[in-house]
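Morning, everyone. I have one structure to go through today, so please look at the screen.

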Amino acid sequence: ITFTMDIPADIIEHMNAGAFESLCEHLRARSDLVQNMTLMIISGFCRNCLAKWMVLEARKLSKQLRSDDKLTDRYIQEGEKCLDIANTLNNWGYEDAAKIVYGCTYAEWKKRHQSKATEEQLRLYNESKNLHATHDATLLKCDDDEYQRQTELSQAILTRLKAGAFQSLCEHLRARSDLVPNMDLMTISGFCRNCLAKWLVVEARRISNQIVSNEVVNLYFSENQRNIVDTLDSFGYDE
């Protein structure tokens with residue numbers, strides 16, 4: 001079965017977002033045990049990268065909303081103005097995303113959990129720069145530091161941003177397949193690529209259960225609802 005063709009794009013997006021949330025929860029539960037510096041040394045990304053990938057996805061969606069009516073219908077709720085949402089996305093910054101990733105502001109997390117880097121860690125950090133994720137600083141910058149937000153982002157848009165960040169993480173790790181072994185990642189962080197795949201499977205089962213119990217908005221499902229449920233229940237680790 002070609003699962004990604006059988007599962008609607010909206011549900012794939014929810015699966016990616018759910019896996020992203022599971023990763024963030026995993027890292028929040030290990031704030032004192034898994035330092036950002038160590039993550040960067042071993043894998044080339046850290047919690048800050050997850051937040052930055054969300055911001056970059058916000059910029060991407062802002063641009064798309066201005067030119068794609070289908071996306072406008074999907075993400076703009078009744079009573080909202082497309083331009084207001086696009087402007088909010090262009091001024092939605094790192095601190096906004098960090099609250100989602102860290103569960104608090106970065107400053108609060110840093111004060112509670114971040115340890116001072118040792119000389120050895122700094123040396124390893126500098127030596128591992130070929131692994132490090134890079135982020136377009138121009139896109140990360142908000143359009144207007146004094147922008148007065150007209151609206152908050154809807155849950156649908158936040159789901160899109162989380163899903164986009166999860167995809168960016170997967171692309172990052174695929175590009176470093178020979179340089180970032182699962183064993184090393186698991187040893188220092190308690191998760192690896194296999195865990196990302198399993199979180200996707202768990203999310204597929206959760207969504208399937210929601211469909212069966214009629215908890216998910218009918219937007220996703222029509223007469224082929226049973227087929228979608230069967231596909232989600234069959235979606236496995238290998239997929």
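Keep in mind that this is a predicted model. Leaving aside residues up to four places away in sequence, Ser154 touches Tyr75 and Gln77. Tyr75 is 79 residues from Ser154 along the chain, yet their C-alpha atoms are separated by 7.9 Å. Where does Ser154 sit? It lies in the loop between α10, residues 137-140, and α11. Is Ser154 buried or exposed? Its relative accessible area is 7%, and buried means under 20%, so Ser154 counts as buried.

Now to a pair of helices. Two packed helices are described by the angle between their axes and the distance between the axes. For α2, residues 9-28, and α13, residues 193-212, the angle is about 125 degrees and the axes are 8 Å apart. The two helices are therefore oblique to each other. The crossing of α2 past α13 is right-handed.

Which residues meet there? On the α2 side they include Ile11, Met15, Ala19 and Leu23; on the α13 side, Leu196, Trp199, Leu200 and Ile207 are among them. Sorted by class, this contact has ten nonpolar residues, five polar and one charged.

Staying with α13, we can check its length. It has 20 residues, so at 1.5 Å a residue it should span 28 Å. The C-alpha atoms at its ends are 29 Å apart, which agrees.

Last, the buried side of α13. Its buried residues include Cys195, Trp199, Glu203 and Gln210. What do the buried residues of α13 pack against? They pack against α2, α11 (155-174), α12 (182-189) and α14 (225-234).

Key. Residues are numbered from 1 along each chain as its sequence is written. This is a predicted model: local features need pLDDT of at least 70, side-chain atom pairs count only at pLDDT 80 or more; totals for chains, interfaces and linings use all residues. Side-chain values use heavy atoms; hydrogens and water are left out. Axes are lines fitted to C-alpha atoms, for helices over the stretch in contact, and angles run from 0 to 180 degrees between N-to-C directions. Helices (H or I, at least four residues) and strands (E, at least two) are DSSP runs, numbered from the N terminus. Angles under 35 degrees count as roughly parallel, over 145 as roughly antiparallel, 65 to 115 as roughly perpendicular and the rest as oblique. A crossing is left-handed if the near helix is turned anticlockwise from the far one by less than a right angle, and right-handed if clockwise. Contact means heavy atoms within 4.5 Å. Ala, Val, Leu, Ile, Met, Phe, Trp, Tyr, Cys and Pro count as nonpolar, Asp, Glu, Lys and Arg as charged, and the others, Gly among them, as polar. The expected span of a helix is 1.5 Å times one less than its number of residues. Buried means under 20% relative accessible area, exposed over 50%, partly exposed in between (1.4 Å probe, protein chains only).
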